[in-house]
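I opened this notebook to record what I looked up in one structure.

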Amino acid sequence: MVFHKEFQSAGKAAGLQIWRIEKMDLKPVPKQLQGNFYTGDAYVVLYTTAAPSYNVHMWLGNECSQDEGGAAAIFAMQLDDHLGGAPVQYREVQNNESVTFLGYFKTGIKYKQGGVASGFQHVVTNDMNVKRVLHIKGRRAIRATEVNMSWASFNHGDCFIVDLGKDIYQWCGSECNRFERLKASEVAIGIRDNERNGRASLQMVEDGSEPEAVLSALGPKPNIPAGSPDDETTDRSNQKKGSLYMVSDAAGSMKTTLVAQSSPFKQEMLSPNECFILDNGGDGKIFLWKGPSANTEERKTAMKVAEQFVKDKNYPKNTQIQVMPAGGETTLFKQFFSNWKDKDQTTGPGQAYSIGRIARVPQIPFDASSLHSNKKMASQHGMVDDGSGKIQVWRVEGGDRVPVEPSSYGQFYGGDCYLILYTYLQGSREQHIIYTWQGLKCTQDELAASAFLTVKLDDSMGGSPVQVRVTQGQEPAHLMSLFKGKPMIIHLGGTSRKGGQSRAGNTRLFHIRQSSTRATRAVEVETSASKLNTNDVFVLKFPDGLFLWKGVAASEEEMAAAKYICSFLGGSITEISEGKEPAAFWSALGGKKDYQTSKSLQKSVKPPRLFGCSNKTGRLIAEEVPGEFTQSDLATDDVMLLDTWDQIFLWIGNDANEVERTGSDQIAKEYVDSDPSGRRGTPIITMKQGFEPPTFTGWFQAWDSKMWDTDPLDRIRARF
């Protein structure tokens, strides 16, 4: 294949490269103008990470011609080929871009009228004879669209930028809110600093007090309409299921066969010799996965096949398409699989399909001594401290909380709900966490009471504690480490009330496992050989005594914890190693069965995702923040949801309204329940602005605890 000379520098350095299609050729867009797109044109965008891994996007403006769109597709395919088939390819359509694409332009994406055909060029000039109006939309993904230069384009609900070259005016509608003003200011500052090389003056203008310059550019101001709600925001909670198809090249014509009607899928369904389409068209997205051993023709024409599929299904033209190689799967794709595991090995740089080229969050091994200094580690392992603070435990009983005897702290029964108050020092400030532990066999009344009592306890402490809701069997690492080096013991049923424990004569099986933070817990499981696992230790209690079973890959700490469980259960102990079990062991378990014998694949650390929950549009919706998020993406007038896969944080901004505060818990629940991968019972941690624990702040680069002491709007105005 002949390569374009522009590809010589493609992907050589991390960052963004953008080309526009001009007369069927590629022309680079200057760095300062990246983020400006003419609506009459087509573009090819390459993003390279430090890994390196690559994303190739072709972007199509609403008015671009079919020829230009076709040329962009061919160049994108050649670029993919030039980079050894390793990139993920995206098709982007104006106003419906992927979150990945929007993330490159944190200060907003700007749509300009016209295009190559009408003589519009991407050139950096000192020309100050600009006259245009930009309409700013969006709270997370910011879009600035060039509109007609007249009052007819305006409304009271949004911000507009009146750009007159040497003077740039940010006009704020009387109904637009603080966070929208903040985002519009970032766009205005970006225009001044990049497009005008800093040579323009910025002014903030209020609806109703327009200066002379604005009135003479737009004419006398008539009555203008109220704001309209954003209609394009889709509701995350009604996520559609996906279907999986196999693509085969039978006798030169592509055909698709249904593999699975509805997600979640199993990773094994993706055979390496074929290409597959994951159809999430109901949600406006189509994914095509290229098997590493699929034939070259199928791999090369992947984007064409996906586009044909969109046509055949009568999906809208602006459906998002992602094409990816094996090993380069995107987070959005992986979430449709219930058992996705990333292969952690990387193959040599010589192989095009090297696995692990995708940029991932580096795993940080746990070290308790550096908890206070290393926030990144604290957040990845979910540890606010080493668990040596003060602890109080109550059981929910008859709609009230009853203190639990301290000698039995660490014992949890499936028929109960518990409140655990943990107090520790952060600097000189006393901090609190309330864990609400809910047993799988407790009554509906106790569940309701546990939630109510948590709120009551939180209120009595001035609302400063962080609240963590925990479902039996999904305890976070920090909760497990509160019991002074003893393992946490979870009984399948029963209650810690007098006489509510299981009878001693029964056969019971406990599964002992250590978390990444070296805290151990023993969980009672169903007495069946299928529950065994080569990575862990098990204690089997039966009428004649105890078996202590050690898996091949189990650790010494797990053995020590198991011995503690044995002493607690009482009886004579027989230690056995995996593979050398006596017949009595299998018969006590009800016979031999298959169980997990592969050494655990470390679940990869998936990149965290941040969503804003807002009812500014009239109904409560969750919308993802694109790109690398920062602390300033936390909108103080919203509730934000941070998903770090093994836990979910709800952050409540001080200015969030009542609907958002009370409805956000439901959003978090629906968010987990509608997860295509079938996640259930993930812990949900609720906190208020100003009381963030390090397990939360560690996910943000350079967290500033004084950030909200001054008004963010005043801070950004200072840059005007």
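The entries below follow the order in which I looked things up.

**Entry 1. Basis.** I worked on a predicted model, in which local features need pLDDT of at least 70, side-chain atom pairs count only at pLDDT 80 or more, and totals for chains, interfaces and linings use all residues. I numbered residues from 1 along each chain as its sequence is written, and side-chain values use heavy atoms, with hydrogens and water left out.

**Entry 2. Sheet with β3 and β12.** I found an open sheet of seven strands with mixed pairing, ordered β3-β7-β9-β8-β10-β11-β12. For strands and helices I used DSSP runs numbered from the N terminus (E, at least two residues, for strands; H or I, at least four, for helices), and I took two strands as paired if DSSP finds at least two bridges between them. The edges are β3 (36–38) and β12 (201–206); each has a single partner strand, so one side of each is left without a neighbour in the sheet. From one strand to the next the twist averages 25°; axes are lines fitted to C-alpha atoms, for helices over the stretch in contact, and angles run from 0 to 180 degrees between N-to-C directions.

I then looked up β10 (residues 159–163) and β11 (residues 167–172), which pair in the antiparallel sense over five bridges. Within β11, Tyr-169 stands opposite Val-162. Helix α3 (residues 178–195) packs on this sheet and touches β3, β7, β8, β9, β10, β11 and β12, contact meaning heavy atoms within 4.5 Å. The direction of α3 makes about 20° with that of β10.

**Entry 3. Sheet with β20 and β29.** Here I read another open sheet of seven strands, also mixed in pairing, in the order β20-β24-β26-β25-β27-β28-β29. Its edge strands, β20 (411–413) and β29 (573–577), each pair on one side only. Neighbouring strands are turned by 20° against each other on average, direction ignored. Strands β24 (residues 488–491) and β26 (residues 520–525) are parallel, with three bridges; Ile-489 has Ala-522 in β26 as its bridge partner. Helix α11 (residues 556–569) packs on the sheet, and its direction makes about 150° with that of β25.

**Entry 4. Val-45.** Is Val-45 buried or exposed? I found Val-45 buried, at a relative accessible area of 0% (buried is under 20%, exposed over 50%, partly exposed in between, with a 1.4 Å probe and protein chains only). Val-45 belongs to strand β4 (residues 42–48). Its C-alpha atom is 4.5 Å from that of Ile-18, 27 residues away along the chain. Not counting residues up to four places away in sequence, Val-45 touches a set of residues including Leu-16, Val-56, Phe-101 and Tyr-104.

**Entry 5. Salt bridges.** How many salt bridges does a search of the whole structure find? I noted 30, each a side-chain nitrogen of Lys or Arg within 4 Å of a carboxyl oxygen of Asp or Glu.

Glu-307 and Arg-91 meet in one of them (3.5 Å, N to O). Glu-307 lies in helix α6 and Arg-91 in strand β6, so the pair ties together parts that are 216 residues apart in sequence. Arg-91 is buried at 9%, whereas Glu-307 is partly exposed at 22%.

Arg-140 and Asp-638 form another salt bridge (2.8 Å, N to O). Arg-140 is in the loop between β8 and β9 and Asp-638 in the loop between β31 and β32, 498 residues apart. Both residues are buried.
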